[in-house]
Amino acid sequence: MKLENYIQGNWVAGDGEGTPLINAVTGEEVAVATTKGLDFKDILAYGRSVGNPALRKMTFQERGLMLKKLGLYLMKHKAKFYEVSFKTGATKVDSWIDIEGGFGNLFANASLRREFPNKPFHVDGEGIDLSKGGQFMGHHIMVPKRGVAVHINAFNFPVWGMLEKCAVNWMAGVPAVVKPATNTSFLTEAVVREIIASKILPEGALQLICGSARTILDHVDSQDIVTFTGSATTGRMLKANPRIINEAVPFNMEADSLNCSVLGLDAAPGTPEFTLFIKGVKAEMTVKCGQKCTAIRRIMVPENYVEDVQIALGKELARTNIGDPALKETRMGALVSKDQVQEVKERVADLNKTAEIVYGSLDTVEVNGASAENGAFLSPILLLEKEPFKNTAVHNVEAFGPVSTIMPYSTTAEAVELSHLGMGSLVASIVTGDDKIATEFTVEAATHHGRILVLNQESAKQSTGHGSPLPTLTHGGPGRAGGGEEMGGMRGVKHYMQRCAIQGSPTTITEITGIYQQGAKYKESPEHPFKYHFEDIEAGMSLKTHRRTIMDSEIANFANISWDHFYAHTDITSLGHTIFEKRAAHGYFILSAAAGLFVYPNKGPVAANYGLDTCRFMRPIYHGDTIYVRLTC
Ligand code: NAP
């Protein structure tokens with residue numbers, strides 16, 4: 001079967017014989033992929049001219065609801081994706097992370113719509129006064145870029161890898177061209193088929209290239225955004241593409257990462273933290289066969305607990321049932337391909353020059369329900385590097401499989417130093433019940449890691465674990481990890497938008513942003529603003545109320561009603577050496593009195609008051625003072 005590419009509104013098979021895509025469990029051919037004959041220049045141009053205008057004119061609310069609808073639609077079809085996913089060697093749990101984890105990104109980004117304005121563009125931060133007279137100011141707006149997001153993805157998460165990025169660029173109003181890694185692209189293709197069939201996205205919002213796309217970056221321009229996930233070698237080569245440099249195309253890179261997990265000095269064998277540590281490391285070694293960018297590669301252990309950790313981890317790994325990923329009892333499936341098994345073996349050999357293998361074998365593996373010969377199976381491999389400051393291969397060599405290395409440390413400062421030797425990672429974790437140790441490690445190690453998880457008894461029950469990037473938190477890491485940043489809620493969406501500083505009078509900036517700016521002209525409202533429907537309200541529409549003088553007796557009464565007897569409201573004999581000159585009204589009384597002045601009492605379009613975002617009590621109001629309200633939309 002030839003996999004088709006979804007380009008320029010059609011499913012198209014490439015020319016030629018193509019590359020065979022192999023079932024990781026049986027060794028049989030699943031499909032062939034070819035991109036021969038595809039014109040990448042035209043594909044990108046189509047995204048810019050068809051997908052981009054359709055998405056950019058939608059508001060954040062509309063885009064968010066579109067993502068939610070798509071997520072719900074895909075959830076209905078998830079069973080068929082699991083069937084396909086087994087062929088990549090993934091177990092049910094691995095597939096859940098990939099498939100439903102991917103859909104989770106759609107839902108999480110959909111929820112962001114509440115944090116953005118009900119407009120196609122975003123108003124970033126607060127206005128800035130640039131003049132003494134208050135009639136010249138600055139602000140920032142962010143508009144969707146006019147290009148396409150080109151996503152070049154790694155083989156390990158064919159669904160999550162696509163959706164963690166697409167959910168974000170669609171929310172921003174930018175279309176995507178997705179190029180999954182060739183060997184697992186048949187799973188990405190199955191999901192894209194459903195996405196296209198759903199007709200939920202506007203045409204052009206998503207194009208898919210299944211297979212090699214060596215020249216695609218030769219056609220990007222300055223309004224495009226490229227994201228790359230894969231090995232550092234490929235990433236660096238692509239980042240140096242002259243087109244990326246000459247057109248100043250944003251290039252987000254997520255590459256190799258020698259993540260670490262530290263057992264705190266306090267977490268002795270027998271403590272709950274010790275048990276949590278062993279479970280965490282085992283999971284990160286075996287889930288997805290260790291083919292996770294966030295997997296723990298370096299296990300840092302207080303020197304006197306090294307043997308205990310080695311024994312405990314060995315026992316846990318021995319319990320791992322390896323075999324056909326479709327079987328319920330299987331805990332670890334196959335790697336993605338035999339080539340990947342070979343690659344991991346070679347990297348283990350590099351590590352093995354100084355570190356000894358203390359669990360597992362490169363030559364034999366016991367497999368249930370499948371053939372060890374035909375499938376890409378490998379035993380988990382645990383190594384011990386006794387001199388991690390001297391022998392640094394462990395901080396440089398990434399074996400992208402079920403492989404991890406124990407190393408000793410003696411002080412928390414030493415653990416920090418070891419963690420830095422990885423030269424930039426996506427995630428580090430420390431398992432400790434001592435928050436002083438947690439603080440020292442976190443603050444000192446943070447320069448070199450994109451995320452740090454502190455795990456203890458308190459957080460463990462609800463923790464999402466060392467290996468899970470979350471859509472609302474930034475994912476990425478410095479240095480070796482690529483120096484990129486993605487996801488992260490609103491932060492991620494902004495990567496696909498252009499920020500522009502705007503300057504003008506407060507009245508003009510109010511018009512442009514749709515948000516009233518201090519000092520802008522009021523539009524005196526012919527009717528009370530509560531009588532208008534939301535759509536009919538304009539920024540700057542304003543009402544000045546009648547006045548009310550605050551009485552001494554009212555302050556006393558409010559103290560009785562609220563039970564707030566703070567001295568400034570109740571005891572005028574104690575005002576000496578304070579900021580108060582007379583009996584001051586309660587801030588909450590003034591707020592309530594303000595409501596009394598501005599609320600239009602009759603039933604109308606206004607449903608309810610659900611709160612105040614920023615409220616400050618800056619100056620005292622004394623009895624005898626007169627107040628009024630200026631209510632501005
Ligand atoms: P890879 O070989 O670097 O490939 C990554 C992607 O780049 C694939 O889609 C590949 O396409 C494409 N590619 C390769 N050469 C290209 C070129 N000249 N022009 C355009 N595209 C090109 O990496 P991988 O083996 O798939 O993934 C394993 C690596 O990814 C590991 O090192 C792992 O640490 C890293 N990774 C990092 C993260 C993260 O978030 N930091 C996540 C997952 C994986 P083809 O498949 O068609 O060659």
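The dialogue below walks through several features of a predicted model and how to read them.

Trainee: Before looking at details, how many helices and strands are there in the chain, and what does the C-alpha trace span?

Mentor: In this predicted model, the chain contains 19 helices and 26 strands, and its C-alpha trace spans about 90 × 60 × 45 Å along the principal axes. Of its 633 residues, 52% count as buried, while the accessible surface comes to about 28800 Å², with 53% of that area belonging to carbon and sulfur atoms. Among contacts with a separation of 6 or more, 74% are made by residues 24 or more positions apart.

Trainee: Which residues touch the most other members of the largest nonpolar core?

Mentor: The general idea is that, in soluble globular proteins, nonpolar side chains tend to be buried together. Here the largest nonpolar core has 54 residues, and Leu74, Leu163, Trp170, Ile195 and Val493 are those that touch the most other members. Helix α5, residues 160-172, supplies the largest share of this core with eight residues. Apart from this core lies another one of 35 residues, including Val25, Ala399, Val403 and Ala445. To go back to Ile195, its contacts, leaving aside residues up to four places away in sequence, are Leu70, Leu74, Met162, Leu163, Ile200, Leu201 and Leu206.

Trainee: How should I read a helix such as α3, and which of its residues are buried?

Mentor: An α-helix has 3.6 residues a turn, so residues three or four places apart point the same way. In α3, which covers residues 78-86, the buried residues are Phe81, Tyr82, Val84, Ser85 and Phe86. The elements that cover them include α2 (60-76), α4 (92-111) and α6 (185-198).

Trainee: And for a strand, which residues of β7 point one way and which the other way?

Mentor: In a regular strand the side chains alternate between the two faces of the sheet. In β7, residues 149-152, Ala149 and His151 point one way whereas Val150 and Ile152 point the other way, and all of them are buried. Strand β7 runs parallel to β8 (residues 176-179) and is joined to it by four bridges; within β8, Val177 is the bridge partner of Val150.

Trainee: What is the strand order in the open sheet of seven strands, and which strands stand at the edges?

Mentor: Strands of a sheet pair through backbone hydrogen bonds, either parallel or antiparallel. This open sheet has mixed pairing and the order β14-β15-β16-β13-β12-β17-β18. Its edges are β14 (356-359) and β18 (449-455), each of which has a single partner strand, so one side of each is left without a neighbour in the sheet. On average, and ignoring direction, neighbouring strands are turned by 25 degrees against each other. Within the sheet, β15 (residues 381-384) and β16 (residues 403-409) run parallel and are joined by four bridges, with Ile381 standing opposite Val403 in β16. Helix α13, residues 435-445, lies across β12 (259-263), β17 (425-431) and β18, and runs at about 175 degrees to β18.

Trainee: Where does Ala585 lie, and what does it touch?

Mentor: Ala585 lies in the loop between α18 (567-570) and α19 (587-598), and it counts as buried because its relative accessibility is 9%. Not counting residues up to four places away in sequence, Ala585 touches Ile550, Ile555, His569, Ile590 and Ile621.

Trainee: What is the phi of Lys288 and of His577, and is each residue buried or exposed?

Mentor: Neither residue is a glycine, yet phi is positive in both, at about 55 degrees for Lys288 and near 60 degrees for His577. Lys288, in the loop between α9 (272-286) and β13 (296-302), is buried with a relative accessible area of 6%. His577, in the loop between α18 and α19, is exposed with a relative accessible area of 91%.

Terms used. Residues numbered from 1 in each chain as written. Predicted model: local features only at pLDDT ≥ 70, side-chain atom pairs only at ≥ 80, totals over all residues. Heavy atoms only, no water. Helix = DSSP H or I, 4+ residues; strand = E, 2+ residues; numbered from the N terminus. Buried < 20%, exposed > 50% of the residue type's maximum accessible area, 1.4 Å probe, protein only. Contact = heavy atoms within 4.5 Å. Core = buried A, V, L, I, M, F, W, Y, C linked by side-chain atoms within 4.5 Å. Pairing = 2+ DSSP bridges. Axes fitted to C-alpha atoms, helices over the stretch in contact; angles between N-to-C directions. Areas by Shrake-Rupley, 256 points an atom, 1.4 Å probe, with all protein chains shown as cover.
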